[in-house]
Amino acid sequence: MRTAPTAARPRAATHVDSATHAARAARDGHDVLVLAFDGARLLDVAAPLEVFHTAAGRSGAYRVRVCTPDGRDVTTSTGLRIAADAATADVTRTDTLVVPGPADLRVLDQRPELIADVARLAARAGRVAAVCTGAFALAAAGLLGGRRATTHWEYADDLARAHPDVTVTPDAIYVRDGPILTSAGVTAGIDVCLALVEEDHGPEAARRVARDLVVFLQRPGGQSQFSAASRTTTTRHPVLRPLLDAIAADPAADHSLRSLAQRANISARHVSRLFAQQIGSTPAAHVETMRVEAARILLEHGANVTEAARRSGLGSDETLRRTFARHLGTTPSAYAARFRTTRVS
């Protein structure tokens with residue numbers, strides 16, 4: 001079972017003012033510091049390093065360093081070791097601090113000194129970016145209080161519960177609130193760092209990096225297109241479970257509130273109450289989510305937009321387009337083109 005850090009700290013001073021930050025970068029070059037620690041996700045560390053090293057190129061626009069808590073090598077969640085350029089205690093200032101996330105959130109609970117390092121480094125940084133579950137480290141260090149933030153879709157609810165003073169935006173690829181940036185799971189570290197390169201050197205510089213890495217400069221849609229938005233609920237309620245199974249088995253059938261109530265032989269009000277209590281949703285919202293999931297699967301397996309709309313129960317092409325825009329932030333055609341296959345056509 002996942003556990004989320006619950007340490008609460010006062011909101012910390014996180015940055016020098018933007019004018020000072022810009023003046024330093026112009027005078028001295030831009031210093032990027034990537035924190036690494038035992039148990040950090042490898043890509044959370046490697047992706048920012050790749051973006052900023054690629055952006056630096058021959059110009060030396062960025063000086064990129066890795067720091068670790070004690071200046072020694074660390075072992076990432078994959079077992080790969082990463083060497084350090086500095087210890088956290090040796091850092092006097094940096095223009096950009098990047099904080100990766102651990103593969104296991106218990107690492108942050110077990111290492112309060114790591115949270116203290118994050119708070120101390122952030123106070124010496126012009127701006128701070130977290131990758132994936134790195135948002136939990138920022139929140140525990142008091143950096144996200146009263147701010148908007150995001151994290152990997154699977155942990156968004158955990159972040160909101162552990163830190164109610166943070167406004168969590170679960171579907172965003174990345175969120176910026178003042179000098180603090182948080183990003184979604186793992187590869188979203190590329191997205192947030194590309195945004196920082198664009199901020200520093202303009203869109204053409206960011207496009208050059210994106211082309212070099214063969215990634216989207218701005219990927220379509222939000223996190224929902226990568227997550228199972230209608231993950232099977234774990235409830236075993238004897239009345240609700242058969243209704244949920246029936247909806248999943250045939251999303252296109254009649255699942256109106258009246259129909260669900262008749263099928264369960266209970267009142268419509270009782271049906272609504274069970275949905276709210278057991279899965280935190282209304283019957284209509286759950287049915288729509290399951291239909292979106294069905295449409296996604298149909299599109300992934302080669303159905304056209306009209307067929308996917310009809311067979312999923314969403315009805316018309318226009319309804320499918322509106323529903324995809326609302327749930328996934330993209331169009332059915334774009335979804336099919338980008339997520340059906342990895343083959344180059």
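Which residues does leucine 138 touch, not counting residues up to four places away in sequence?

1. Leucine 138 and its contacts. The model is a predicted one. In it, leucine 138 touches Val99, Val118, Val128, Ala130, Leu143, Leu144, Ile180, Leu181 and Thr182, when residues up to four places away in sequence are not counted.

2. The cores. Leu138 belongs to the largest nonpolar core, which has 67 residues. Together with Phe52, Leu138 has the most contacts inside this core. Another core lies apart from it and has 14 residues, including Leu298, Leu299, Val305 and Leu314. As general background, nonpolar side chains in soluble globular proteins tend to be buried together.

3. The chain as a whole. The protein chain has 345 residues, and 48% of them count as buried. Its secondary structure consists of 15 helices and 11 strands. Among the contacts with a separation of 6 or more, 66% are between residues 24 or more positions apart. The accessible surface of the chain is about 16200 Å², and carbon and sulfur atoms account for 50% of that area.

4. Aromatic pairs. How many aromatic pairs are there? The count is two. To describe such a pair, one gives the distance of the ring centres and the angle of the planes.

5. Phenylalanine 52 with tyrosine 62. The ring centres of phenylalanine 52 and tyrosine 62 are 5.0 Å apart. The pair is edge-to-face because the planes stand at 65°, and the cut-off for that class is over 60 degrees. Phenylalanine 52 sits in helix H2 (residues 42–56), and tyrosine 62 in strand S2 (residues 62–68). The two residues are 10 residues apart, and the pair links distant parts of the chain. Phenylalanine 52 counts as buried because its relative accessibility is 0%. Tyrosine 62 has a relative accessible area of 5%, so tyrosine 62 is buried too; the limit for buried is under 20%. Phe52 was already named in point 2 as one of the residues with the most contacts inside the largest nonpolar core.

6. Phenylalanine 324 with tyrosine 335. What are the distance of the centres and the angle of the planes for phenylalanine 324 and tyrosine 335? The centres are 5.9 Å apart and the planes are at 85°, so this pair is edge-to-face. Phenylalanine 324 lies in helix H14 (residues 317–328) and tyrosine 335 in helix H15 (residues 332–339). They are 11 residues apart, and the pair links distant parts of the chain. Phenylalanine 324 is buried, with a relative accessible area of 0%, and tyrosine 335 is buried with 1%.

Terms used. Residues numbered from 1 in each chain as written. Predicted model: local features only at pLDDT ≥ 70, side-chain atom pairs only at ≥ 80, totals over all residues. Heavy atoms only, no water. Core = buried A, V, L, I, M, F, W, Y, C linked by side-chain atoms within 4.5 Å. Buried < 20%, exposed > 50% of the residue type's maximum accessible area, 1.4 Å probe, protein only. Contact = heavy atoms within 4.5 Å. Helix = DSSP H or I, 4+ residues; strand = E, 2+ residues; numbered from the N terminus. Areas by Shrake-Rupley, 256 points an atom, 1.4 Å probe, with all protein chains shown as cover. Phe/Tyr/Trp six-rings, centres within 6.5 Å; stacked < 30°, edge-to-face > 60°.
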